[in-house]
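Please walk me through this fold.

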Amino acid sequence: MEISIPDSWNEYFVGLEVNKIYDDIVKKSNDNEIFPPPEQIFNAFNFFQPNDLKVIIIGQDPYHNPGEANGLSFSVNKDIRIPPSLRNIFKELKDDIGISMPKHGDLTHWATQGVLLLNNVLTVYRNLPNDNTHKIWMDVTNTLIKRISAKIPNIVFILWGNNAHKKKKYICNIELNNHLILEGGHPSPLNRNIKKNFFGKKFFSITNKYLIQNDKEPIDWELLP
């Protein structure tokens, strides 16, 4: 199955052999399931045009249990239990701007407002997180970040955890103050220093303040029912 890219984003994908990468991952799968399905691998790019991009939140890799991964970092469909990392994101959201804990983990509402929910690695085998086979995607995501940040100004990059922090070197025009970079620990409960490096960092209010200062509409972080 051929992986589709929204037409408006084609120029950012020039030369990136995403179908070949996916074929290689399938060949090495030993018939194990791959998440998300191919039609959702670049789902994060389906909700807005490039010029409407405001925020990039970089995750690690997709959820590895059946039915969870939907191509948006940290997001799950409404009928799926909210994962622990996302629950911690919601806790910080409530403490930061007072939004009540959502009843689901579908972050599509953020995506439709120009939030690119991009994982560092774009696929995963069932029950095999951090499998080295899928790290082939990192060249793709590194290139996308470099091209996007070079062309689109005033993006807020939210980098949670060590894997996301490593993406910082691919962000262009930092020296021109054309972007805002917010770094913190990973929201996973496995982060032993989460109270110091994630909670209380006010990622969401700082993001909206920056967007307003740069004549962009702030993000409505409250999820629809």
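Predicted model: local features only at pLDDT ≥ 70, side-chain atom pairs only at ≥ 80, totals over all residues.

Author: Residues are numbered from 1 along each chain as its sequence is written, and side-chain values use heavy atoms, without hydrogens and water.

Reader: In what order do the elements of the protein run from the N terminus on?

Author: Elements are DSSP runs: helices are H or I of at least four residues, strands E of at least two. The protein has seven helices and six strands. From the N terminus on, the order is α-β-β-α-α-β-β-α-β-α-β-α-α.

Reader: What is the radius of gyration of the protein?

Author: The globule rule is 2.2 Å times the number of residues to the power 0.38, and the radius is taken over C-alpha atoms. For 225 residues the rule gives 17 Å, and the protein is close to this, so it is as compact as a globular protein of that length; its radius of gyration is 17 Å.

Reader: What percentage of the 225 residues count as buried?

Author: Buried means under 20% relative accessible area, with a 1.4 Å probe and protein chains only. Of the 225 residues, the buried share is 53%.

Reader: At roughly what angle do the axes of H2 and H7 cross?

Author: Axes are lines fitted to C-alpha atoms, for helices over the stretch in contact, and angles run from 0 to 180 degrees between N-to-C directions. The axes of H2 (residues 84-97) and H7 (residues 203-213) come within 7 Å. They cross at roughly 60°.

Reader: Which residues of H7 make the contact with H2?

Author: Contact means heavy atoms within 4.5 Å. H2 contributes Ile 89, Glu 92, Leu 93, Asp 96 and Ile 97. From H7 come Phe 203, Phe 204 and Ser 205.

Conventions: Buried < 20%, exposed > 50% of the residue type's maximum accessible area, 1.4 Å probe, protein only.
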